[in-house]
Every structure is written in C-alpha cells, then in structure tokens.
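Reader: I would like to learn how to read a model of this kind. Please take me through it one feature at a time.

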Amino acid sequence: MSSDREECLAAGMQEHISKPVDPGEMFAKLVRWIVPAVPMPMPVRMEFFKQGDQNETLVLPDIPGMDTRGGLRRMGGNIRGYLGLLAKFSDNQRSVCDSIKTAWENDDPATAHRLAHTLKGVSATIGAVTLSVQAKELESALRTGENATHIRVTLAETSQQVEMIIGEIQRALARVQKEAAIATAQEETEELIAERHSLLKQAAQQLASYDAEVEQTLVRLRQGLVSEAMGVWMDRMERQVAQYDFEGAAATLKQCLDSLGIDPERKKQPASRMAIEH
C-alpha cells in the first residue's frame with residue numbers, strides 16, 4: 001500500500017521495495033543509493049533468464065491460474081529453485097485456511113490476519129496472482145473487522161483458490177519430475193552414478209549431524225535421479241528437512257536406499273536397478 005512506503009520514508013528509510021520483490025526493481029534501487037568503494041561500470045541490461053547446469057534438464061511448466069514466468073523472474077531465472085519454492089508453497093499453505101478459520105473462531109484476529117498476510121505475499125511471489133488478490137481481500141476483511149458472514153464467504157472463496165492452485169502445482173511438479181528423470185536416465189554414466197552416490201553419502205552424514213546444508217545437497221541430488229520411485233522418496237525428505245525433521249529425513253533416506261537396492265559405498269549399482277520405471 002502507498003501508506004507503507006510513506007511510513008518507511010518517514011521513519012528515515014531511503015527507499016521502499018514492495019512484495020513480491022522484482023529483482024530488476026530491487027537492484028535498480030540499490031544501485032541508486034549504495035555507493036561502492038570501488039566504482040565499476042554497470043551492465044546496460046540485467047538478464048535474469050540465464051541458462052546453466054541447474055536448469056539443463058528442466059523446463060518451466062505452464063500452470064493454469066499462475067504467472068510462472070513472473071515467478072521465475074523473481075527467482076533470478078533459477079528454474080530448480082522456483083520449482084522448489086512451488087513445492088514448499090504446496091506443503092506449507094495446504095491447510096492455511098483451516099488455520100485462519102481456527103484463529104478467527106478462537107478470537108485471535110492477530111494470528112488470522114498474519115496468516116492471511118503471509119498467504120498474500122507468498123502467492124504473489126510464486127505468480128499465483130488471482131490467489132494473492134483473493135488473500136488480500138481476506139486480509140483486509142480480517143483487519144477491518146468485517147461482519148462474520150462476509151469473512152466466512154471470503155475465507156471459503158480463498159480456500160477454494162488455495163486448493164485449486166495447489167492441485168495444479170502438484171500435477172505440474174509431477175510432470176517436470178518425470179520428464180527430468182527420463183532425460184537424466186538417457187545420459188546415465190559411471191561418473192554420474194559416482195556423483196549421485198557421493199551426494200547420497202553426504203546427505204546421510206549431514207542429516208546425522210543436523211546440518212541444514214543438507215537442503216542444498218538434496219537440490220543437487222535432483223540432477224541425478226534415474227527413476228520416479230526415487231523421486232517419491234526425495235519429495236518426502238525435502239518436506240521433512242524443510243520442517244527441520246532431520247531424524248525423520250534420515251530414516252526416509254535409509255528406506256529409500258534399502259528399497260531401491262542402492263549402496264552409496266559402491267561405485268555402480270546393479271543394472272536391473274538402473275531401469276527407469278515407466
């Protein structure tokens with residue numbers, strides 16, 4: 001809101017950046033106010049859709065009801081990071097409307113308002129524009145203390161939007177995962193197998209020591225998947241790590257390795273285990 005910017009400037013801030021954060025706008029405002037110790041020429045144009053190893057087996061999916069290109073732009077063109085953000089949104093916001101309803105009915109408007117505000121912000125960040133607008137209406141109704149009927153109707157409409165968007169996200173992620181697994185399997189080499197086993201071993205060690213860096217290891221592992229079966233285990237581990245359930249993730253990793261017959265200490269796994277499941 002315009003009042004937010006005015007309050008920031010009145011408090012002594014030099015500039016204001018609203019959510020969802022646009023990288024181009026953010027850097028432009030930073031450059032305007034921050035004087036580097038050693039001035040360097042700025043590029044004429046900043047490109048946020050660079051291709052690299054992190055995106056080589058991934059394609060940005062079209063998701064009904066979402067501006068995925070806008071969401072990707074806000075992630076600096078990192079497709080893998082954007083897909084991870086979509087997965088986290090699906091997990092973290094699945095029951096948000098139930099939580100808002102519970103807080104509101106328990107006479108806790110501050111919590112209800114905070115949850116609606118968070119939903120509005122993260123929806124805009126991932127490109128779920130319609131949902132963000134709907135969440136903004138709910139946030140406003142909770143903030144101004146609208147009558148109960150209006151809040152119930154708005155909450156129900158928001159809940160429908162959340163359910164629809166999450167369903168579309170899950171279907172899109174399943175398609176991307178399958179396509180990436182097939183592409184990776186076609187390029188399977190002993191070097192890739194060795195790298196995957198090294199990452200699996202590293203992930204096990206990080207989970208055992210409650211090291212949050214395991215999240216990045218799991219992201220790198222996504223590049224070495226060879227079957228949909230492993231992808232199911234990866235999904236579970238990523239959700240557990242996101243909630244800091246390192247013990248649960250360690251147990252999931254062990255179950256994954258046992259069920260697929262993978263031994264990270266071996267350089268190559270049996271050929272029968274390498275076949276991708278169609």
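Author: Start with contacts, where contact means heavy atoms within 4.5 Å. In the protein, residues 24 or more positions apart account for 61% of the contacts with a separation of 6 or more. This is a predicted model, in which local features need pLDDT of at least 70, side-chain atom pairs count only at pLDDT 80 or more, and totals for chains, interfaces and linings use all residues. Residues are numbered from 1 along each chain as its sequence is written, and side-chain values use heavy atoms, with hydrogens and water left out.

Reader: How many helices and strands does the protein have?

Author: Both are DSSP runs numbered from the N terminus: helices are H or I with at least four residues, strands are E with at least two. The protein has 13 helices and 0 strands.

Reader: What share of the residues counts as buried?

Author: Buried means under 20% relative accessible area, exposed over 50%, and partly exposed in between, with a 1.4 Å probe and protein chains only. Of the 278 residues, 38% are buried.

Reader: Which residues touch the most other members of the largest nonpolar core?

Author: A nonpolar core is a set of buried Ala, Val, Leu, Ile, Met, Phe, Trp, Tyr and Cys residues joined through side-chain atoms within 4.5 Å. The largest has 33 residues, and those touching the most other members are Met 66, Leu 86, Phe 89, Ile 100, Ile 126 and Ile 169. At least two residues each come from α4 (79-92), α5 (96-105), α6, α7 and α8 (148-186). The biggest contribution is that of α8, with 9 residues. Leaving aside residues up to four places away in sequence, Ile 169 touches Ile 63, Met 66, Leu 86, Phe 89, Ser 90 and Ile 126. A second, separate core has 18 residues, among them Leu 221, Met 234, Phe 246 and Ile 262.

Reader: How should I read a pair of packed helices?

Author: Two packed helices are described by the angle between their axes and the distance between the axes. Axes are lines fitted to C-alpha atoms, for helices over the stretch in contact, and angles run from 0 to 180 degrees between N-to-C directions. The axes of α6 (residues 109-126) and α7 (residues 129-144) come within 8 Å and cross at roughly 160°. That angle makes α6 roughly antiparallel to α7 (under 35 degrees is roughly parallel, over 145 roughly antiparallel, 65 to 115 roughly perpendicular, the rest oblique). Their crossing is left-handed, meaning that the near helix is turned anticlockwise from the far one by less than a right angle. By class, the contact of α6 with α7 has 8 nonpolar, 4 polar and 4 charged residues. Here Ala, Val, Leu, Ile, Met, Phe, Trp, Tyr, Cys and Pro count as nonpolar, Asp, Glu, Lys and Arg as charged, and the others, Gly among them, as polar.

Reader: At what angle do α9 and α10 pack?

Author: The angle is about 160°, with the axes of α9 and α10 9 Å apart. This makes α9 roughly antiparallel to α10, and the crossing is left-handed. Residues making the contact include Leu 199 and Leu 200 of α9 and Leu 218 and Leu 221 of α10.

Reader: Where is Tyr 210 found?

Author: Tyr 210 lies in the loop between α9 (190-208) and α10 (214-221). Although not a glycine, Tyr 210 has a positive phi of about 55°. Its relative accessible area is 47%, so Tyr 210 is partly exposed.

Reader: Is Tyr 244 buried or exposed?

Author: Tyr 244 is exposed, at 63% relative accessibility. This residue sits in the loop between α11 (228-242) and α12 (246-260), and Tyr 244 has a positive phi of about 60° without being a glycine.
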